[in-house]
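Me: I'd like to learn how to read a structure like this one, feature by feature. Could you walk me through it?

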Amino acid sequence: MDLVSLSAFAAALAVVVGVLALSVVWRKGRPFAQGDVFRASRLSRGNHLLPTQVLVSPTSVVHYTPQWFGKYEHSIHVAHVASVGIDTHIIFSDVLIETTGGASPIHCRGHYRSDAVRMKQLIEQYQTAYFKGTRPS
């Protein structure tokens with residue numbers, strides 16, 4: 001093998017690896033479930049490649065963190081949510097969802113303000129419906 005064909009092979013290999021990496025980043029950045037899924041901005045700290053997501057459903061709140069290999073999910077049943085706090089910064093907001101049992105809270109960083117407010121509204125709406133014994137709309 002001469003130097004030209006070796007460098008062409010290395011360039012082709014680099015392109016293939018880059019395309020695979022971009023495909024993984026794109027695939028892991030899509031919503032992980034149906035329903036009200038809130039994805040952190042890729043412009044926020046810690047969310048550039050694999051942004052964290054939060055699913056708010058009538059029964060639970062799920063914090064989903066994609067990883068290069070696998071994922072991390074932390075869920076809290078709506079009945080066990082003690083409080084929802086929003087820490088608003090210049091552009092993005094952080095959401096802190098605490099539990100009644102004192103277990104580790106869900107701390108979501110880098111969401112848009114409107115998404116943070118909507119998360120809190122949905123959780124409160126689902127809690128109200130849960131404790132009244134009715135189904136949320």
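Reply: Happy to. Let's begin with burial: a residue is called buried when its relative accessible area is under 20%, exposed when over 50%, and partly exposed in between. Keep in mind that this is a predicted model.

Me: Then is Thr-99 buried or exposed?

Reply: Thr-99 has 14% relative accessibility, so it counts as buried. Thr-99 belongs to strand E6, which covers residues 92-99.

Me: How many of the eight residues of E6 are buried?

Reply: Six of the eight are, so E6 is largely enclosed by the rest of the structure.

Me: Now to pairing. How should I think about the strands of a sheet?

Reply: The general idea is that strands of a sheet pair through backbone hydrogen bonds, and the pairing is either parallel or antiparallel. Here, strand E5 (residues 81-88) runs antiparallel to E6, and seven bridges join the two. E5 and E6 make a hairpin, with three residues between them.

Me: How many bridges does E6 have with E7?

Reply: Five, again in the antiparallel sense. Ile-97 sits opposite Ile-106 of E7. This hairpin of E6 and E7 has six residues between the strands, and Gly-102 takes a positive phi there, near 80°.

Me: What is the strand order in the open sheet of four strands?

Reply: The order is E1-E2-E3-E4, and the pairing is antiparallel. E1 (36-39) and E4 (71-77) are the edge strands with a single partner each, so one side of each has no neighbour in the sheet. On average, neighbouring strands of this sheet are turned by 15° against each other, direction ignored.

Me: How do I describe aromatic rings that come together?

Reply: A pair of aromatic rings is described by the distance of the centres and the angle of the planes. The structure holds two such pairs. For Phe-92 and Tyr-112, the ring centres are 5.4 Å apart and the planes stand at 55°, so this pair is tilted. It links distant parts of the chain: Phe-92 lies in strand E6 and Tyr-112 in strand E7 (residues 106-112), 20 residues apart. Phe-92 counts as buried at 15% relative accessibility, whereas Tyr-112 is partly exposed at 39%.

Me: And what is the geometry of Tyr-130 and Phe-131?

Reply: Their ring centres lie 5.2 Å apart with the planes at 80°, so the pair is edge-to-face. Tyr-130 is partly exposed, at 41% relative accessibility, and Phe-131 is exposed, at 56%.

Me: Last topic, confidence. What pLDDT does the protein average?

Reply: The average is 85, and 94% of the residues score at least 70. Among the elements, helix H1 (residues 3-29) has the lowest mean pLDDT, 80, while E2 has the highest, 93.

Note on methods: Residues are numbered from 1 along each chain as its sequence is written. This is a predicted model: local features need pLDDT of at least 70, side-chain atom pairs count only at pLDDT 80 or more; totals for chains, interfaces and linings use all residues. Side-chain values use heavy atoms; hydrogens and water are left out. Two strands pair if DSSP finds at least two bridges between them. Axes are lines fitted to C-alpha atoms, for helices over the stretch in contact, and angles run from 0 to 180 degrees between N-to-C directions. Buried means under 20% relative accessible area, exposed over 50%, partly exposed in between (1.4 Å probe, protein chains only). Rings of Phe, Tyr and Trp (its six-membered ring) pair if their centres lie within 6.5 Å; planes under 30 degrees apart count as stacked, over 60 as edge-to-face and the rest as tilted. pLDDT is the predictor's confidence in each residue, from 0 to 100.
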